[in-house]
Structure formats: C-alpha cells, structure tokens
Amino acid sequence: MSGLQDLYREIILDHYRAPRNRGELPVPPAHLVEGFNPLCGDEVVLYLEVEDGVVTDVKTAGQGCSISQASTSMMSAAVKGKPVDDARALIRAFKALMSIHESKLEGAEETDLSADLEGVRLGDLEALQGVVKFPVRIKCATLAWNVLQQGLDETAAESEA
Amino acid sequence: MMSATTSTLDVARIQADFPILARTVNGKRLVYLDSASSAQKPEAVLAAMDRIYRESYANVHRGVYTIAEEATAAFEAARTKVARFIGATDSREIVFTRNATEAINLVAYSWARANLREGDVIVLSHLEHHANVVPWHILRQERGVEIRWIPITADQRLDLDGLDDLLDGAKLLAITAMSNVTGTIVDVAGLAARARAAGAHVLVDGCQAVPQMPVDVHAWDADFVAFSSHKLLGPAGIGALWARAELLEAMPPFMGGGEMIRDVTTEGFLPNDIPWKFEAGTPAIAEAVGMGAAVDYLQAIGMDTVRAHERALTQYALDALADRFGDRLTVYGPAGADDRGGVISFLFDEIHAHDVSQVVDEEGVCVRAGHHCAKPLMRQLGVPATTRASFGVYNDRADADALVEALAKAEAFFAI
Ligand SMILES: Cc1ncc(COP(=O)(O)O)c(C=O)c1O
C-alpha cells in the first residue's frame, strides 16, 4: 500500500481522528463561511475571528472524507493566532503545493510556484503533498483553504465598509 | 415473447469477451464493480464499431453511394434491434439521443412544453437520478408546474400509501424502474396503471432496468422510456428515447437543423417523419451500431438469464457483507435481492465513502463513492455520500469476495 501510505500519512489520520479547533464561535463577532465539494459531498464550516489584522480565533465544523477534514484541522491550527498576511501567504503556498503536480503535467514554469512557497514554513501541512498523486482528491485538500480565503476576503470587505 | 428458459450464466466465458478485464490495477486483477455507472464493452461491440469505420463509414440518410447506403442500413438496423430489445413493435418509436439524460430532456422540452402549463402537476419519487429531476425543476422555473414527490420507506422502497392523492390531477408520472443507488426495483406496471387511471402520462427512466432485466415497454404501459447505451455494454455517446408513435407525431421538434426536416425555405420548415424529426444533425453513427451489437450480445445471453445472474450474485454479496461486517456496515435498500437489481450502496460507521473507495482501488477493486447523482435520495438517507458496488454480466462470486476482502483492509486501515 505504498501509494496509500503517501496519501494517508500518519499525521493526516491523526488530524482526521482528533480534529483540532472543532466547535463554534458566536456570530458576530465571528464570521461564518461554508464550502462544499460537490464531488464527494465534503463540507467545511469555518468560524473566523479577525481583529486588528490578526486571526485571533478559529473553529471548524462540517463533515467529509479524511483528506478534507484533516486539511481543515491542519489549516485551523496553522492560521490561529497568525497575522492575516501570514495566513494569506500560507494559502498561496498551500495551493502552490497542490498545483505542482498539475503544472508539471502541463510543463509550466515552476518558478512562480516556488516564489509562492519561498519563505513560508508549511510544517505538518507538507504531509498533504501525497494528495497530488491522486488528482481527484486535490479538491478535498484545498476545500478548507478556499473557505479560509473567502472568509478573509469577506472580513476584509466588512472592515472596509 | 422471451421464451428462452433461464439458464445459469457461464461467467468465465463471458469474461473472456471483455478485453479490459485482462488488465491489472496496482498489480492486482481488475475487479470492476461500477457497471451501474458505466458498463465495460465486449469484443463484439468493439468489433462492430471498428468494422463500420473500416468498411462502411459515411454519413447516414444522405448519399446514394454504396457505403453511404451501408452505413444508413447499419444505423437503421441498430434502431430496429434496440426497439425489439425493449418489446417495441415499431422501430419509428426509437429516437436516438446522446444518452438517457438527453432523452428525458427531449420529453421535457418538447412534450411537456407543448402540453403542460402553470399549476400542472408532475409526480416524481425520492429515488430519482438528477437526470429525472433537474429537467422538471427547469420546467417548473419556466412554467410554474408543481412537482410532487413519492416518498420512500425505511428500506428505500416507494411508499405508495399516499399515491392516489399525489396523482390526483397529475399530468405526468416520471419514475425510475430501478434505483441506481439502492437497486430498488419499482413496480412500473402497477404505478403506470394508477397514473393512467388518474389521467397522467408515464415516463420511465430505464437506465438501470434495461441493462439488468427483461423490459417490455407495452407490459409497463408507459408512454416514454429513456435509457443509455453505455450502461448496456454499448458505447457512450448514444442512448434512446422510446415513445408511443402517436405522441411523437404530435410533439414539436426538440432541436432544429439538418436531418430533422422535410423541407426548408426562407419562410420556414417542414419537419421530417418520426423518429428523424427528433434527430437533428449528424448522429453518432458508429455508436448506434455499437449499441445494436450490445443488445445482440445481451439478447444472445437472454435477459431472464441476466436477471437471474444479477439476483443470485447480489444475494451472495449481501450475505457476504452482512457475515463479515455485521452492524458496522450499513447496507441501504430492500433486504433481499428479489426486489433489487445488482446495485449495493453501503457505508461504514466511521469511514467516509471516498476513503473506502480509495483504499479498495489499491486492491484493484473499482467502486463508486459519492452521491450518485441522487441528492434528494441522499438527503433521505441522511448521508452526504455512500460507497456503491454494482454488478454486470461479467462479475462473479470471486469479485464479490474481492470486494469483501478489500473492504476489510479499508476497515483495518482506518481503525481508530
Ligand atoms: C437511474 C439513472 N437515470 C439516469 C442516468 C443518466 O444516464 P446518462 O448519464 O447516461 O444520461 C443514470 C446514470 O447514471 C441512472 O443511473
């Protein structure tokens, strides 16, 4: 099961079995964002609290496959307490990680991707890299990050308004 | 009609007819358990399509040269074969479409738009595939028709207690003959009789039933029957709508273009005769021929034999799953194989459907995970996704055993 072991690294299964930051936050002040993966019915619900440019608290709910839920858990742990700018850099880096496979297939330049990855510590998140070998599951892994991006965009728009 | 006595299927011989079954996946024998999604193709179908391209390919209904006539004859012969296969006596009643989805849309866009108006009632069931749901939602948005739903029981059969109320004033009953998720076999003839008594027309989604059991559209007493070639051992890209000739005669064209006309002037057009009135543009010629070869292949086996095979194998698999996993595995649908086709949807308590199908793929076992294009049904089941195994003529007990073993590995892999 070598391919499988790449996909389901122990750390991923650990986040799946014991997801971090599960729960809810009062809305408002927290911001609620949801995302769905129509292919598998994965659902990610994110409660996001942003104050003075910092992600002060994150809680997650929803259900789905181990990849989507582990990615959600890892994402919540990675951005909690971080400045919004760092969280955005992480989103870019994570998406770059997930698109390396595709861009290799298309023969695209890799430089712009490594620019996104540069200077960003992915840590545990790198365990999700095995997903790129299973292209249909990439959407499972990126769902939480798309939801986070939407949440950050919406809170930014609100604070401007 | 189908007088051939039911014999047991020589599956080993059948398997030899399907070239793809010789390949391996991840070093394992390919165990294909996704025929409800799309079936594999026998050599006879591949050869028939190859032959038409190599020897007689030309556009149909156009040229008078020899190969154009051969292509047209092969195309129309396929229509006759498909008609006979479902008990239709008049091959003009078969309209070739791209697939079942297009066949149902043809009815929704042509017949329904000509015959239904605001407040008219369409009755569907909670078992339906999106192909038999969304066209009616679109019609509702456009026309304000009302959609009523036949509910289901705890074991995912139709709950017919309130049927007469649902059918009261209905113009159309659009119903699947077999669920693609739970395998539930629907008593189409019984429902059609009650729909008719209420004055409704009857559309049957035959996508799963036509490949798996003897079907006679007149015994069903339906008005419209939709099905796809690709689930019937034939190629993708072609399907059929069967409809009563008098309905087709009265229906307005669906798409306009070449082939579907008798005459065109700067002022207007005269539609062609049925069924060509509904076949605008160059059709899928080799695919039609392939579909004809596929029904020949199934007819040679005998659909009673196919049904007996599906039923025996499904019962075997249901028993094996229950023996091995007990309550840890929820299996949806009617308890025994008498009332279900060769489709089994299931879910482990603690493991997501997609994770299960990923792990069993490692063992060469192909099963589908997801909502199976039946989200209203998934809502009734209260789950976002199930894993589904489905059987074709080429599957045997060894395949069911391989599924059970692979599922045991998945269970161990995700053990908490
Ligand atoms: C019951 C049922 N209806 C309709 C369809 C749609 O078939 P197609 O995609 O070939 O149009 C399917 C296929 O998944 C089905 O199982």
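Predicted model: local features only at pLDDT ≥ 70, side-chain atom pairs only at ≥ 80, totals over all residues.
**Stop 1: the interface**

Show chain A and chain B together, and select the residues that touch across them. On the chain A side 22 residues are in contact, and on the chain B side 18. About 1,500 Å² is buried between chain A and chain B, with carbon and sulfur atoms giving 59% of that area.

Next, select A:Arg137 and B:Asp355. Their side chains form a salt bridge, with N to O at 3.0 Å. Polar contacts between chain A and chain B number 4 residue pairs, counting residues at pLDDT 80 or more.

Now colour three helices of chain A: α1 (2-7), α2 (10-17) and α3 (66-79). Each of them supplies at least two residues of the side that touches chain B. The largest share comes from α1(A), with 5 residues. Sorted by class, this side of chain A has 12 nonpolar, 7 polar and 3 charged residues.

**Stop 2: α2 against α3 in chain A**

Keep α2(A) and α3(A) and hide the rest. How do their axes cross? The axes come within 8 Å and cross at roughly 85 degrees. Angles from 65 to 115 degrees count as roughly perpendicular, so α2(A) is roughly perpendicular to α3(A).

To see the contact, select these residues:

- from α2(A): A:Ile11, A:Ile12, A:His15 and A:Tyr16
- from α3(A): A:Ser66, A:Ile67, A:Gln69, A:Ala70, A:Ser73 and A:Met74

By class, the contact has 6 nonpolar and 4 polar residues, and no charged ones.

**Stop 3: a salt bridge within chain B**

Over all chains, the whole structure has 31 salt bridges. For one in chain B, select B:Lys28 and B:Glu363, whose closest N and O atoms are 3.5 Å apart. The pair links distant parts of the chain, 335 residues apart. B:Lys28 sits in strand β2 (residues 28-29), while B:Glu363 is in the loop between α13 (353-361) and β15 (365-366).

**Stop 4: backbone details in chain A**

Go to the loop between α2 and β1 (31-37) of chain A, where A:Pro28 lies. A:Pro29 is found in the loop between α2 and β1 as well. Which peptide bond joins A:Val27 and A:Pro28? That bond is cis, with omega about -25 degrees. From A:Pro28 to A:Pro29 the peptide bond is also cis, with omega near 10 degrees.

Finally, select A:Asp52 in the loop between β2 (42-51) and β3 (54-63) of chain A. A:Asp52 is not a glycine, yet its phi is positive, at about 50 degrees.

Notes: Residues numbered from 1 in each chain as written. Chains lettered and ligands numbered in written order. Heavy atoms only, no water. Contact = heavy atoms within 4.5 Å. Buried area = accessible area lost by both parts, 1.4 Å probe. Salt bridge = Lys/Arg side-chain N within 4 Å of Asp/Glu carboxyl O. Polar contact = N/O pair within 3.5 Å; in protein donor to acceptor, adjacent residues only side chain to side chain. Helix = DSSP H or I, 4+ residues; strand = E, 2+ residues; numbered from the N terminus. Nonpolar A, V, L, I, M, F, W, Y, C, P; charged D, E, K, R; others polar. Axes fitted to C-alpha atoms, helices over the stretch in contact; angles between N-to-C directions. Parallel < 35°, antiparallel > 145°, perpendicular 65-115°, else oblique.
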